[in-house]
Amino acid sequence: MNASDIIGYLEPTQEAGRLFLQRGFVGNVVMLNLLRFRDVADYSDHPGLAPAGPISGSEAFDRYIRHTLPHLRASGGDVLFLGSGGPFLIGPDNERWDRAMLVRQTSVASFLAFASHDAYLAGLGHRTAALEDSRLLPLSEMPLQPDGR
């Protein structure tokens, strides 16, 4: 398998969206994002957002974050964690993620309203330009019991 054979996951499928809604989340939803950047951002699908010269995928993602944060926070969400990736301690040797991010949203409805808001969508091309591959795992909080379980 060569680089052109690798399938990148950048958008949810209709089936994944259906399953997400069927999970019946109550309250906060935390999204675990694993992100792999392109060496050079690809703005070919969003030329109106392209900078004057080439930038890295990491730089394009930083532009996406700057654009997104005000809209995320206005919808009741926030970034709980943003960190640099690296090699796994437990996991495949040949898999890398450049950055990990935890994003909290107050509800599924708030997440969907945020994700479909025109002002947010206007900057989504920075994310598309930045990423070679990604994973997005919705999580629901499980409180610890008094005995630590």
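What percentage of the 149 residues of the chain count as buried? In this predicted model, the figure is 30%. The C-alpha trace spans about 55 × 40 × 30 Å along its principal axes. The accessible surface of the chain comes to about 9,600 Å². Carbon and sulfur atoms hold 58% of that surface.

Now the elements. The chain contains 5 helices and 4 strands. Read from the N terminus, they run α-β-α-β-β-α-α-α-β. Contacts reach across the sequence: among those between residues at least 6 apart, 74% join residues at least 24 apart.

The strands form an open sheet with antiparallel pairing, in the order β2-β3-β1-β4. Its edges are β2 (78-86) and β4 (131-139), and each of these pairs on one side only. Neighbouring strands are turned by 15° against each other on average, direction ignored. Take the pairing of β1 with β4. Strand β1 covers residues 29-37 and joins β4 in the antiparallel sense over 8 bridges. Here F37 stands opposite L131 of β4.

Next, a single residue. H126 sits in helix α5, which covers residues 124-130. Is H126 buried or exposed? H126 counts as buried because its relative accessibility is 9%, and the cut-off for buried is under 20%. Which residues does H126 contact, leaving aside its neighbours within four places in sequence? They are Y43, L49, A60, R63 and Y64.

Last, the charges. The chain carries 13 positive and 17 negative side chains. The centres of the two sets lie 5 Å apart.

Methods: Residues numbered from 1 in each chain as written. Predicted model: local features only at pLDDT ≥ 70, side-chain atom pairs only at ≥ 80, totals over all residues. Heavy atoms only, no water. Pairing = 2+ DSSP bridges. Helix = DSSP H or I, 4+ residues; strand = E, 2+ residues; numbered from the N terminus. Axes fitted to C-alpha atoms, helices over the stretch in contact; angles between N-to-C directions. Buried < 20%, exposed > 50% of the residue type's maximum accessible area, 1.4 Å probe, protein only. Contact = heavy atoms within 4.5 Å. Areas by Shrake-Rupley, 256 points an atom, 1.4 Å probe, with all protein chains shown as cover. Lys, Arg positive; Asp, Glu negative; His and termini not counted. Charge placed at Lys NZ, Arg CZ, Asp CG, Glu CD.
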